[in-house]
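The following report describes selected local features of a single protein chain, taking a loop residue, a sheet, an aromatic pair and a helix contact in turn. Please read it alongside the sequence and the structure.

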Amino acid sequence: MRLLIVGTLKGQLTTATKIAMDNGASVTHAEAAEQAMNVLRGGKGADLLLVDVGLDIRDLVMRLEAEHIHVPIVACGISNDARAAVAAIHAGAKEYIPLPPDPELIAAVLAAVANDARDLIYRDEAMGRVIKLAQQIAGSDASVMITGESGTGKEVLARYVHSRSARAKRPFISINCAAIPEHLLESELFGHEKGAFTGAVARRIGKFEEATGGTLLLDEISEMDVRLQSKLLRAIQERVIDRVGGTKPVPVDIRIIATSNRNLSEAVREGTFREDLLFRLNVVNLKIPPLRDRPADILELAQHFARKYAEANGMPVRPISTDARRVLTANRWQGNVRELENTIHRSVLMAQGDEIGADAILTPDGDRLDLAKTAPAVAHATLAAEQVTRALVGRTVADVERDLILETLKHCLGNRTHAANILGISIRTLRNKLNEYADGGIPITPAGNGAPDYQRMANAG
């Protein structure tokens, strides 16, 4: 964790600085907003800003937004002035801390706002095999691809690999490729020079330079534009980057870890991901199984989250009852570890008595997880899909194709061109099919007439 203290509060924040450094964090000081911006532009970066409430926090927030710098702010002051605290929160601060600080409060805020406490918890053999491989390759500089469904813990595993590498004491920098607009991602990754584009008011060091000596996590790399993938490939191969608007290459020394919840081989076939980049990144693939495929982890994680959120909310740590365990292990956990964590957080708050019972294992809507019904729309769609499938069983492909073509033509009121476009076939193919059906005595919706032939013949009779 990297903490940046902004303002003339060094003496008052000795405790905060010590706590952060005791937990392996680096601490930087800046006396004013402009100095803080220079620190952030210059590549040192920060996971959290601790800002004197006497400074113009709204102005600092606007400066950060203008330069697309995303970092949470905690305001602090030497008084318990409620109005100052409220004003700081309204200005964009995430929290307010009175000074002199309470050590436990500082520690809690640092952990909560910076979200730096990420424990790797597992018991299942399926996850154990992944961890064993991660341990084997952690000490190398090989690029790593971590794949798995959303919510399985890909970033947690990436931090685990970094913490056991020779780069562990150097920066771990993460960037979500899916969360940043395409036209800004290049600048975020490679930095820019002053005046490179509208809004580039000063030189900005990108994530590659910020991570020099350490590890750069490219989260959800499958969402990166193909054009930018080309520049990324060069950076990985040649260990140099070009800032946007720059005139000379800048050397970098980083290890790349990338994550994706998509099948990148499919993306290569679709032309949305470069095959040569995939080869460069996928030296080692750590594939995290979904939570439903590692059942022993469900209860291990549930117990961990129960302790974590009981302590965070100042509540007693309660065991999970046998019935609640049965509910947890029976659930499919489509949202994986993230969904389980939120569920246990709710259960800690809602539980009554000495245990966390099944009646406290709730959905976000407040229904018991084991009694929650399938949403009506989902149930209807599932039933409809099953009915359609049953209707197709026992029929030939030719029969199904014929009905699809005739129904589409009927829907288009006989317009052959429109029907061919919907069906994804040529107009010639459609006409040949229709001639074949007509020769077999099957009525065809005529061109330019909404009524099929059999209706016209009935009217004539």
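## A loop residue and its surroundings

Val71 is found in the loop that lies between helix 3 (57-66) and strand 4 (73-77). The model is a predicted one, and in it Val71 has a relative accessible area of 13%, which is under the 20% cut-off, so this residue counts as buried. Leaving aside residues up to four places away in sequence, Val71 touches Leu40, Ala46, Asp47, Leu48, Leu49 and Leu64.

Five strands make up an open sheet, arranged in the order 7-8-11-6-12 and paired in the parallel sense. Strand 7 (172-176) and strand 12 (284-287) form the edges, each of them pairing on one side only. On average, and with direction ignored, neighbouring strands of this sheet are turned by 20° against each other. Strand 12 is joined to strand 6 (residues 144-147) by four bridges in the parallel sense, and among the paired residues Met145 has Asn285 of strand 12 as its bridge partner.

## An aromatic pair

Across the whole structure, a search finds one aromatic pair. The ring centres of Phe190 and Phe208 are 5.2 Å apart and the ring planes stand at 25°, so the pair is stacked. Because Phe190 belongs to helix 8 (residues 182-190) and Phe208 to helix 9 (residues 207-210), the pair ties together parts that are 18 residues apart in sequence. Both Phe190 and Phe208 are buried.

## Two helices in contact

Helix 17 (residues 397-411) packs against helix 19 (residues 427-439) at an angle of about 105°, and their axes are 11 Å apart. An angle from 65 to 115 degrees counts as roughly perpendicular, and helix 17 and helix 19 are therefore roughly perpendicular to each other. The residues that make this contact are set out by helix below.

| Helix | Residues in the contact |
|---|---|
| Helix 17 | Glu401, Arg402, Ile405, Leu406 and Leu409 |
| Helix 19 | Leu430, Lys433, Leu434 and Tyr437 |

Sorted by class, the contact of helix 17 with helix 19 comprises six nonpolar and three charged residues, with no polar residues.

How values were computed. Residues numbered from 1 in each chain as written. Predicted model: local features only at pLDDT ≥ 70, side-chain atom pairs only at ≥ 80, totals over all residues. Heavy atoms only, no water. Axes fitted to C-alpha atoms, helices over the stretch in contact; angles between N-to-C directions. Parallel < 35°, antiparallel > 145°, perpendicular 65-115°, else oblique. Contact = heavy atoms within 4.5 Å. Nonpolar A, V, L, I, M, F, W, Y, C, P; charged D, E, K, R; others polar. Phe/Tyr/Trp six-rings, centres within 6.5 Å; stacked < 30°, edge-to-face > 60°. Buried < 20%, exposed > 50% of the residue type's maximum accessible area, 1.4 Å probe, protein only. Pairing = 2+ DSSP bridges.
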